[in-house]
Amino acid sequence: MSRDLAGSEAASTDAAGPAPPPRRRGLTSVEALALLLVFGLTARPGLAELLGGELSQAWAARFVAVAVQAIPFLVAGTLLSAAIASFVPASWFTRAVPKRTAIAVPVAGLSGAVLPGCECASVPVAGALVKRGVAPAAAFTFMLASPAINPVVIVSTFVAFSGQPEMVAARFCASLGAAIAIGWLWAKLGRSEWLRLPAHRDHEDGKWAAFWSSLRGDFVQAGGYLVIGAAIAATLNTLVPERWLAVVAENPVLGVLALAALAVLVSICSESDAFVAASLTAFSPTAQLAFMVVGPFVDIKLIAMHAGTFGRGFALRFTPAVFCVALLAAVVMGAVWL
Amino acid sequence: MRRDAQAVILLLLGGGMIRLIVTGEYLNYVKPYAFWLVLPAGIILVVTAVVTAWMAWRDRGEPGADAHGHDQGRSKVAWLLLAPVVGMLLVAPDALGSYEAERTGTALGAEENRSTYPELPDDVDPVPLTLMDYAARAVFDDGITLEDRRIQLRGFILYDGDEPQLARMVVACCAADARPVKIGFEGDVPEGLEPDQWVEVVGVYTPREGRDEINGELVPYIEVESVTKIESPDNEYQ
């Protein structure tokens with residue numbers, strides 16, 4: 001199971017499974033980190049000179065800005081999702097979700113608006129829900145809706161697009177609509193043999209230990225992907241001349257497709273993606289909306305996690321369907337609201 | 001990455017964010033209200049680092065304690081968190097200035113739909129205005145509210161070819177979306193002003209307008225009475 005969960009990280013397979021990992025001699029991560037830090041401190045004057053050029057300073061300022069602005073929202077999101085994962089028993093969800101799938105899907109979607117969950121956290125949560133008897137369609141709707149429209153995301157979108165509350169409304173409607181549509185689509189067409197159900201992991205250490213380790217794990221994981229997103233945003237804003245970007249950005253169709261594809265590639269956490277979207281000022285509001293609707297639903301990191309949690313066959317069918325529905329929802333809601 | 005290494009990274013990241021707040025450098029990257037976001041987040045990260053280090057120390061010697069669940073494989077990406085640490089602590093870039101402003105079109109278009117231009121206060125002379133406010137009143141309201149008033153503007157110098165201009169970066173969310181507002185000088189400007197030099201300009205409205213070649217937006221002018229060099233403000237963005 002953990003072999004698939006790790007997805008692309010082939011090197012991790014030796015650390016998986018119930019057996020203790022084989023003792024590897026070689027550099028441990030602590031030693032590597034210590035070496036890097038010593039190098040960074042001793043080489044600081046040289047580094048400062050190397051990065052002292054106007055261009056790298058400008059790039060670094062934009063990069064640090066996205067990171068510093070987004071990390072607090074990431075902290076808030078992982079804090080809440082760690083609390084829910086550790087302190088709310090999965091059985092509570094089973095009781096709360098209606099038995100009929102057609103009704104359970106929209107209920108699951110709306111409960112995503114109340115329960116904050118990072119997308120990295122919501123995939124395992126959905127796995128646990130399916131295992132505990134919640135209809136897969138409802139679990140998938142919850143998995144998609146919870147990272148896309150939870151309160152932290154709504155607030156960060158509101159902050160990022162201050163003065164454009166219609167962007168918040170458009171994001172909420174498009175994401176909720178797409179999540180419910182996917183749930184119904186699964187209820188209609190989905191087959192259970194596409195799913196390979198996850199084994200539930202119990203934390204034997206107690207709830208607080210589970211809380212802290214899920215907070216650390218989720219933050220470190222999501223933060224790493226945020227760094228990639230921040231770097232791409234800084235690069236687009238610094239290195240790519242405004243005139244070039246304008247060619248893609250000013251074409252309505254190209255602009256939307258470009259940002260939807262970018263959302264898949266950069267894999268930013270939903271709590272922080274609004275800030276990256278807002279900084280892509282050259283693009284149309286609908287393109288920015290597509291970035292924020294597609295991103296929490298499907299990206300490189302999520303495809304790896306879906307494949308690991310529900311199986312490759314599932315990810316192969318689920319990913320393209322979700323991408324198309326999300327893109328369609330963004331374009332429709334963009335036309336309605338923006 | 002092992003848990004104890006993750007603890008070190010969380011500590012550096014949280015500590016770096018707290019340092020930005022303490023030194024006031026956070027204003028180079030985010031808006032002033034972000035104080036209330038960055039400080040608590042920094043503290044939570046430091047606390048998480050301490051608890052993680054304690055848990056790793058408690059479980060030391062337990063075989064496989066570190067391969068707890070799926071943690072190890074999926075946390076390779078955690079190494080990337082060193083990049084913002086390096087950015088905040090080692091590179092510590094300054095606020096964006098003339099280099100960026102010379103390569104980015106003026107952001108005046110964003111204010112085009114503003115409908116109200118309240119009268120300037122009567123009891124102040126000269127009247128301090130933001131560059132965006134002056135430019136919007138000059139370009140979209142034909143300078144009606146600016147007539148017969150002395151105006152005070154603060155910004156940095158940039159060069160459009162040989163011609164000096166006054167500019168200020170405008171930030172909507174954080175410095176990543178920073179865009180300049182530019183204003184041209186009419187009349188005599190002191191020789192030898194360096195790019196990025198902060199100045200306080202006192203002057204009066206002039207109907208003269210130019211165009212920013214980068215994006216074709218209008219650039220208003222101000223008829224200069226005096227240009228005084230000043231220290232850069234704590235918050236360089238508007």
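Modeller: Helix H4 of chain A and helix H4 of chain B are oblique to each other. Please keep in mind that this is a predicted model.

Colleague: At what angle do H4(A) and H4(B) pack, and how far apart are their axes?

Modeller: The angle is about 120°, and the axes are 9 Å apart. H4(A) covers residues 54-87 of its chain.

Colleague: Is the crossing left-handed or right-handed?

Modeller: H4(A) passes H4(B) in a left-handed crossing.

Colleague: Which residues make that contact?

Modeller: From H4(A) come A:Ala60, A:Phe63, A:Val64 and A:Ala67, while H4(B) supplies B:Pro84, B:Gly87, B:Met88 and B:Val91. By class, seven of these residues are nonpolar, one is polar and none is charged.

Colleague: What about the whole contact of the chains: how many residues does each chain give?

Modeller: Chain B gives 63 residues and chain A gives 59.

Colleague: Which helix supplies the largest share on the side of chain B?

Modeller: That is H2(B), with nine residues. The side of chain B that touches chain A has 39 nonpolar, 15 polar and nine charged residues.

Colleague: A change of topic: where is confidence lowest in chain A, and where is it highest?

Modeller: Helix H1 of chain A, residues 2-6, is lowest with a mean pLDDT of 38, whereas helix H10 of chain A, residues 165-189, is highest at 94. Over residues 1-24 of chain A the pLDDT is below 50, although this stretch has 39 contacts in the model beyond near neighbours in sequence. Where pLDDT is low, the predicted coordinates should not be read in detail.

Colleague: And what is the mean for chain A?

Modeller: The mean pLDDT of chain A is 80, and 87% of its residues reach 70 or more.

Colleague: How is chain B divided into domains?

Modeller: The domain assignment gives domain 1, residues 3-93, and domain 2, residues 99-229. Their centres, taken over C-alpha atoms, are separated by 40 Å.

Colleague: Which peptide bond in chain B is cis?

Modeller: The bond from B:Asp125 to B:Pro126 is cis, with omega near -5°. B:Pro126 is found in the loop between H5 and strand E1 of chain B.

Colleague: What can be said of the phi of B:Ala92?

Modeller: B:Ala92 has a positive phi of about 40°, although it is not a glycine. This residue lies in the loop between H4 and H5 of chain B. Most residues other than glycine have a negative phi.

Methods
Residues are numbered from 1 along each chain as its sequence is written. Chains are lettered from A and ligands numbered from 1 in the order in which they are written. This is a predicted model: local features need pLDDT of at least 70, side-chain atom pairs count only at pLDDT 80 or more; totals for chains, interfaces and linings use all residues. pLDDT is the predictor's confidence in each residue, from 0 to 100. Helices (H or I, at least four residues) and strands (E, at least two) are DSSP runs, numbered from the N terminus. Two residues are in contact if their C-beta atoms, placed from the backbone, lie within 7 Å. Ala, Val, Leu, Ile, Met, Phe, Trp, Tyr, Cys and Pro count as nonpolar, Asp, Glu, Lys and Arg as charged, and the others, Gly among them, as polar. Axes are lines fitted to C-alpha atoms, for helices over the stretch in contact, and angles run from 0 to 180 degrees between N-to-C directions. Angles under 35 degrees count as roughly parallel, over 145 as roughly antiparallel, 65 to 115 as roughly perpendicular and the rest as oblique. A crossing is left-handed if the near helix is turned anticlockwise from the far one by less than a right angle, and right-handed if clockwise. Domain bounds come from an automatic or database domain assignment.
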